[in-house]
Protein chains: 2
Amino acid sequence: MGVNVAVVGVTGAVGTEMLRVLERRDFPVDELRPLASSRSAGKNIIFRGKEVLIQELTADSFEGMNIGLFSAGGGISRKFVPYAIEANCVVVDNTSAFRMDKDVPLVIPEVNANRIAEHKGIIANPNCSTIQLVLVLKPIHDAVKIKRVVVSTYQAVSGAGLKALEELKKESQHILSDKGEFNRNIFPHQMAFNVLPQIPQSDAFLPNGYTDEEMKMINETRKILEDSSFSITTTTVRVPVFRGHSESVNIETREKLSADQARDLLSKAEGIVILDDPSRQLYPLATDAAGKDGTFVGRIREDESVENGLNMWIVSDNLLKGAALNAVQIAEKLI
Amino acid sequence: MGVNVAVVGVTGAVGTEMLRVLERRDFPVDELRPLASSRSAGKNIIFRGKEVLIQELTADSFEGMNIGLFSAGGGISRKFVPYAIEANCVVVDNTSAFRMDKDVPLVIPEVNANRIAEHKGIIANPNCSTIQLVLVLKPIHDAVKIKRVVVSTYQAVSGAGLKALEELKKESQHILSDKGEFNRNIFPHQMAFNVLPQIPQSDAFLPNGYTDEEMKMINETRKILEDSSFSITTTTVRVPVFRGHSESVNIETREKLSADQARDLLSKAEGIVILDDPSRQLYPLATDAAGKDGTFVGRIREDESVENGLNMWIVSDNLLKGAALNAVQIAEKLI
């Protein structure tokens, strides 16, 4: 007895990964319904070795479906999630559309799977940069209570979609061949061999000077940890990396946690892999994390600039644990 | 009446920039003596439109020289600076060899030019990532006293020399052409389309888990600001950028400084350029800072995670203000 799964945005960077994650985790799919815009409808995707026709996303797309995995942008989710709910198709939404709604659980299964049961038709998947951060903060918060977190991110361009990946490749090639001016469609500035302190690349900044991405990390972290007793600030930065977000994280805790204790604590936590042997130049790298399920932590050091401080370096595949994998893990808990 | 200037490491990434900076600032050079290893001796460099023969660096290289600009690595400085001093040639040393010596002034002219006069033959140029940071911290510290600083860097590969620049180009080309395994000589891991939480790329980590570069930033900042009442922690990261270091800087001050006040304060400080208009997607970028003398500051925002907090993004050309320009500015104050 399997379930019927609709994947919305199936041709995108995350949608493509969702199919692969469903396959390799042997998710009990009975019928798979790949959904996309009219541009992609009529083409095929491959699922479990067979071609499956992509259908155009419409109000009727969710009839007979049990689970809908959405990853086609906030606008699409806002418009089509109500149709899915009406058709009794439970939604796992990877966009930011409903994340901060009171009635919508925001879930990282290793952290707060217990919230899934409370859903009223929608469970939200957190932002990619939030997931890998909170997965690591949670065991620390449980052990010694976090007081304050300062995060700077090094985010891969795949977070901006397949076209962004293509643009980085083309622009890099262009610069290496000394071809002069390059016509960009995706990024507001040169992305190749540069770092941009703005994510997302199109949205306006908020009145407080923060980007959407920065406020997402702050608000989502608070919601998932269900605690307003700690504070957090973020600076989110795009780097010319294809896949894998890195984060430089400074944590101030209420009670002392030594670097060794942190390593020990995190090594026992589900979903976390410690890669921390500087003497062998071993630390998490985006290129190593790409394609892997784990969230990798290294460069764990005590920060003596504050009473109970720790620095660490957290890396995870933004398309997997940061998106497709986390969504499918939520779906697994649902069934 | 000019001065005689020896440039040690004249063929390197910084040495080359030193010649250009001496030229465009009309530094009153009487005789220029380009010095390098025996491999480069006998070749020519161009200075003010004329070819000048590179001489091999020896114990006798400083006879008749007034100022020696050193940028050929700590080992070379430790060995040859004593010969320069013996020859009454005042040294501006861009390496880390003498920076923390009590008797050696560590100088950013805009910050502590007054220390130059105390020199006993050597003035040290701070680390590239320290200079752009402290240039910005100084006016803030003077105005409202800094309590704590948390820095994460995004450092260009030119900080690792010309061969590192070449390796990044080659590895990028290699990856874009799908050529499989790449033989690296400089970096310990893939540098193209990746970020490495280790600078420098060859040195061991310290027992506290920090890299040399991280401790340099901490110790040098304290020495230059001549204050032990504030604390600082750093995570230094190499990014695939050719030129221009970026820094995500979180500052906690003792008294309140609003974002507007910080912008106003910094815009009046020598050497600093404010680029901070998010509505026009204007913020400092490594690619814009490359080749420029200024230190650019943007993304100035209040950090509400702490009582008096500020976030900002600081970018400067690591070869210019971070090295050659600062050294020549010190030399200018000397004469």
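This is a predicted model: local features need pLDDT of at least 70, side-chain atom pairs count only at pLDDT 80 or more; totals for chains, interfaces and linings use all residues.
Trainee: Is Q281(B) exposed, partly exposed or buried?
Mentor: Buried takes 20 or more other C-beta atoms within 10 Å, and exposed takes 12 or fewer. Q281(B) has 14 within that distance, so it is partly exposed.

Trainee: What is the phi of Q281(B)?
Mentor: Most residues other than glycine have a negative phi. Q281(B) is not a glycine, yet its phi is positive, at about 50°.

Trainee: D26(B) also has a positive phi. Is D26(B) buried or exposed?
Mentor: D26(B) is found in the loop between α1 (13-24) and β2 (29-36) of chain B. The cut-off for exposed is 12 or fewer neighbours. D26(B) has 8 C-beta neighbours inside 10 Å, so it counts as exposed.

Trainee: Which residue does a cis peptide bond join to I199(A)?
Mentor: Most peptide bonds are trans. Here omega is about -5°, and the bond is cis.

Trainee: What is omega for the cis bond between I199(B) and P200(B)?
Mentor: P200(B) is found in the loop between α5 (162-176) and α6 (212-225) of chain B. The cis bond there has an omega of about -5°.

Trainee: How far apart are the end C-alpha atoms of α5(A)?
Mentor: α5(A) has 15 residues. At 1.5 Å a residue, they should span 21 Å. The model agrees, with the ends apart by 21 Å.

Trainee: Within what arc do the buried residues of α5(A) fall?
Mentor: The buried residues are A164(A), E167(A), L168(A), E171(A) and S172(A). An α-helix has 3.6 residues a turn, so residues three or four places apart point the same way. Seen down the axis of α5(A), the buried residues line one face, because they fall within an arc of 130°.

Trainee: What do the buried residues of α5(A) pack against?
Mentor: Their partner is a helix in another chain. It is α5 of chain B.

Trainee: How far apart do the C-alpha centres of domain 1 and domain 2 of chain A lie?
Mentor: Domain 1 covers 3-126 + 323-334, and domain 2 covers 130-318. In contact are 14 residues of domain 1 and 17 residues of domain 2. The C-alpha centres of the two domains lie apart by 25 Å.

How values were computed: Residues are numbered from 1 along each chain as its sequence is written. Chains are lettered from A and ligands numbered from 1 in the order in which they are written. Domain bounds come from an automatic or database domain assignment. Two residues are in contact if their C-beta atoms, placed from the backbone, lie within 7 Å. Helices (H or I, at least four residues) and strands (E, at least two) are DSSP runs, numbered from the N terminus. The expected span of a helix is 1.5 Å times one less than its number of residues. The arc is that of the directions from the helix axis to the C-beta atoms.
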